[in-house]
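Reader: I would like to go through some of the terms used for this model. Please set each value against its cut-off.

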Amino acid sequence: MTPAIDHRVAAGIVEDALTSVFDPAIVRGLREDSPLAGVGMMPADAVCIADAVAVAAERAGLVCHLDDADFATAESVADLVRAVETAARPEALR
């Protein structure tokens with residue numbers, strides 16, 4: 001499936017979302033191949049991260065709603081970025 005948005009935009013949304021939930025200093029040190037467990041992410045954090053992704057996407061003029069399936073296979077930052085790339089849409093396409 002072709003990503004709906006630019007990779008850098010998706011990565012920025014993920015970084016914004018993670019920094020709103022976890023220590024920004026730790027998040028800034030992550031690379032795309034970093035495991036999400038490296039920030040201390042637990043399965044229960046998925047709801048907070050999904051909400052933070054939606055807020056960060058909205059600030060970028062996008063709509064992005066992640067669900068449990070997106071987090072079920074997300075083990076690294078790159079996995080989360082790919083989920084955002086796939087799920088995000090311009091607000092006009094709501």
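Reader: How many residues does helix H1 have, and what span is expected at 1.5 Å a residue?

Author: This is a predicted model. In it, H1 covers residues 7-21, which is 15 residues. From first C-alpha to last it reaches 21 Å, close to the expected 21 Å.

Reader: Which residues of H1 are buried?

Author: Ala 10, Ile 13, Val 14, Ala 17 and Leu 18. Buried requires a relative accessible area under 20%. These residues cover an arc of only 125° around the axis, so they lie on the same side of H1. What covers them includes helix H2 (24-28), helix H3 (46-59), strand S1 (62-63) and H5.

Reader: Why is Arg 8 called exposed?

Author: The cut-off for exposed is over 50%, and Arg 8 has a relative accessible area of 67%, so the term applies. Arg 8 is on the other side of H1, as is Ser 20, also exposed. Asp 6, at 38%, counts as partly exposed.

Reader: What makes Arg 8 and Asp 6 a salt bridge?

Author: Their closest N and O atoms are 3.5 Å apart. The limit is 4 Å, so the pair qualifies. At the start of H1, a side-chain oxygen of Asp 6 also comes within 2.9 Å of the backbone nitrogen of Arg 8.

Reader: How many salt bridges does this rule give?

Author: Three. Among them is Arg 31 with Asp 33, at 2.6 Å. Another joins Asp 79 and Arg 82, at 2.5 Å from N to O. Asp 79 and Arg 82 are three residues apart in helix H5 (residues 77-87), so about one helical turn separates them.

Conventions
Residues are numbered from 1 along each chain as its sequence is written. This is a predicted model: local features need pLDDT of at least 70, side-chain atom pairs count only at pLDDT 80 or more; totals for chains, interfaces and linings use all residues. Side-chain values use heavy atoms; hydrogens and water are left out. A salt bridge is a side-chain nitrogen of Lys or Arg within 4 Å of a carboxyl oxygen of Asp or Glu. Buried means under 20% relative accessible area, exposed over 50%, partly exposed in between (1.4 Å probe, protein chains only). Helices (H or I, at least four residues) and strands (E, at least two) are DSSP runs, numbered from the N terminus. The expected span of a helix is 1.5 Å times one less than its number of residues. The arc is that of the directions from the helix axis to the C-beta atoms. Contact means heavy atoms within 4.5 Å. A polar contact is a pair of N or O atoms within 3.5 Å; within protein, one must be able to donate a hydrogen and the other to accept it, and residues adjacent in sequence count only if both atoms are side-chain atoms.
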